[in-house]
Amino acid sequence: MTVKDFPEECWESVFRFLGLGHHHLESLSLVCKQFLAITNRLQFSLTVYDPTIPLLSRLLLRFPRLKILDLSLLNGHHEGLLRQISQSGLELDLINLSNQRTLPVDGLRELGSNMKNLRVLICSNIGSLRDSHLVIIAYCFPLLEKLDISFPLNSQASDFGVLRLSSMLENLRKINISGNHLITDKSLFSLCQNCLSLEEISFFICFKITQTGIASAIRLRPGLSSIAFNIEKKRIHGPGLTLTPIDLNLIDSFRTLKRLTAIDLSNSVISDEFLFAVAEGAGLLLKKLILQDCCNCTFSGISYVLSKCQSVQCLDLRKVDFLTDQCISKLSVFLLSLTTINLSGCCQLTNSTFFILTRNCPLLSEIKMERTYLGVEGEEDSMGDFAVNLEVKKVFLGDNVLLSDASLVKFVSICPSLQLLDLIGCEGVSGEGVVEVLKRCSEIRHLNLANTGMEVFDIDFEVSNLKVLNLSGSKIEDETLSVISRRCGGLLLLDIQSCWHVTAKGVREVVQNCKTLKELNLKNCRLVSDDFVAWLEFSKPSLRIIVTPTDVGAYF
């Protein structure tokens, strides 16, 4: 039986079952025309870059089952793109229009006339956001379930716009209005009153919304599953902050949130009593707890909420600077369901915390411990009781200036299934340490060695699974690039931004030997010239080359 004899529906089922990513599907599409047609139907998401704009109409025809379209990386105002999209006949679920100077009003109207079933619209970091934009969004997309209008650079959106929007979006389940500084309690109240399906709401840096307003809104919508906001730390005369007291009415309202699964209180003034109320309300349903840079609570409050909410999977305690290794040891007994933890900025934590987490949290898959005291040995180092954890897949250890090769090798030895390792700014890590990492973690796919000061990267074995390598700001030379080109043939992305010691010779070798390379970052490199960029574009047309305008024409 040949490929053509096997029904396309069966091949499609096989590819779906294998869960192949975009790059694997792209490789399969080159096998034969039949596989090309099948993989085109399995492409559900498309990110558009400026160079692909002229090809957009063809891409929309090529991928007939697209559901997600991301335009957030485009530069400039592209009203005409939305017209093309609206006429494509696609049934999109999500469009991301973030990072634009303003919302393309006419384009939204055309899009809405043909895609009224759009469920998700993301418009974060828009240059200017006005009430009229909110009204147009609600009118054009009446079935929206998720809307993100967070952090516009110039927010003129007010209670009027939010009130109109809330009255027209009955199906809205999730909304993020963070950074819209003009809105008040009225907006929060209207959303909770009018949007009967509302489950998740975020309103960071909306300081005209009061604690009383939050409490009233919660009592109106006690079925909320996720809430994210911050209670302002008000500055007084001089260098200090005055801590806003927590309203008892707000504390009591959180006891009514019996379906709460996620809460984010980043950069807030909270109290132990507030955490007690969260625990009493959510209980075992709570899956996500973010207390990044919170103040005025103690270890007792954090310990209590985790003891009552032992189903927490995602825990963020960044900059909670009173935490010690002993604190983490005590908390770890409540973290049997934990999959992700962020302890970055907790400056008292040493190697011991890493060993405690990997030993006591059996489901842990991601650890973030940037800017800590890693590299300093604690009690766990002397005990030598290092349990292997096969679940840990991602580890972020950036900016730990005391981290040494010896400590790093200990960490990766107990995490042999590691797929992502971020060591940005770890100046004590050398090429020898990195080689030991690659020997012990054969599944590693993403390695960030930016600003490590690493000079040598000498490996004598294949690193076939490595897809993303960031060496920006390092002191590597052409010899290292030569090794990479021979040993890391499966690279998709290479970042050598600000690597002053490499030349065109080394880069040519990488481009010629790494057949799958899709993106090459050459920003702030002295090697870039008009002729060199022209050679890259000619030799590998599919390669996305990132350079700064001032680089082109420089001597190499």
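Helix α19 (residues 478-487) packs with helix α20 (residues 504-513) at an angle of about 5°, and their axes are 8 Å apart. The two helices are therefore roughly parallel to each other, a term for angles under 35 degrees. This is a predicted model, in which local features need pLDDT of at least 70 and side-chain atom pairs count only at pLDDT 80 or more, while totals for chains, interfaces and linings use all residues. Residues are numbered from 1 along each chain as its sequence is written, and side-chain values use heavy atoms, with hydrogens and water left out.

**The α19 and α20 contact**
- On the α19 side, Asp478, Leu481, Ser482 and Ser485 make the contact (heavy atoms within 4.5 Å).
- On the α20 side, the residues are Lys505, Gly506, Val507, Glu509, Val510 and Asn513.
- By class, three nonpolar, four polar and three charged residues take part, with Gly counted as polar.

**Helix α13**
- In α13 (residues 299-308), Gly301, Ile302, Ser303, Val305 and Leu306 are buried (under 20% relative accessible area, 1.4 Å probe, protein chains only).
- Their cover includes the helices α12 (272-282) and α14 (325-331), along with the strands β14 (288-290) and β15 (314-316).

**The whole chain**
- The protein chain has 21 helices and 24 strands (DSSP runs of H or I, at least four residues, and of E, at least two).
- Of its 556 residues, 52% are buried.
- Among contacts between residues at least 6 apart in sequence, 76% join residues at least 24 apart.
- The chain exposes about 24600 Å², of which carbon and sulfur atoms supply 53% (Shrake-Rupley method, 1.4 Å probe).

Terms used. Buried means under 20% relative accessible area, exposed over 50%, partly exposed in between (1.4 Å probe, protein chains only). Axes are lines fitted to C-alpha atoms, for helices over the stretch in contact, and angles run from 0 to 180 degrees between N-to-C directions. Angles under 35 degrees count as roughly parallel, over 145 as roughly antiparallel, 65 to 115 as roughly perpendicular and the rest as oblique.
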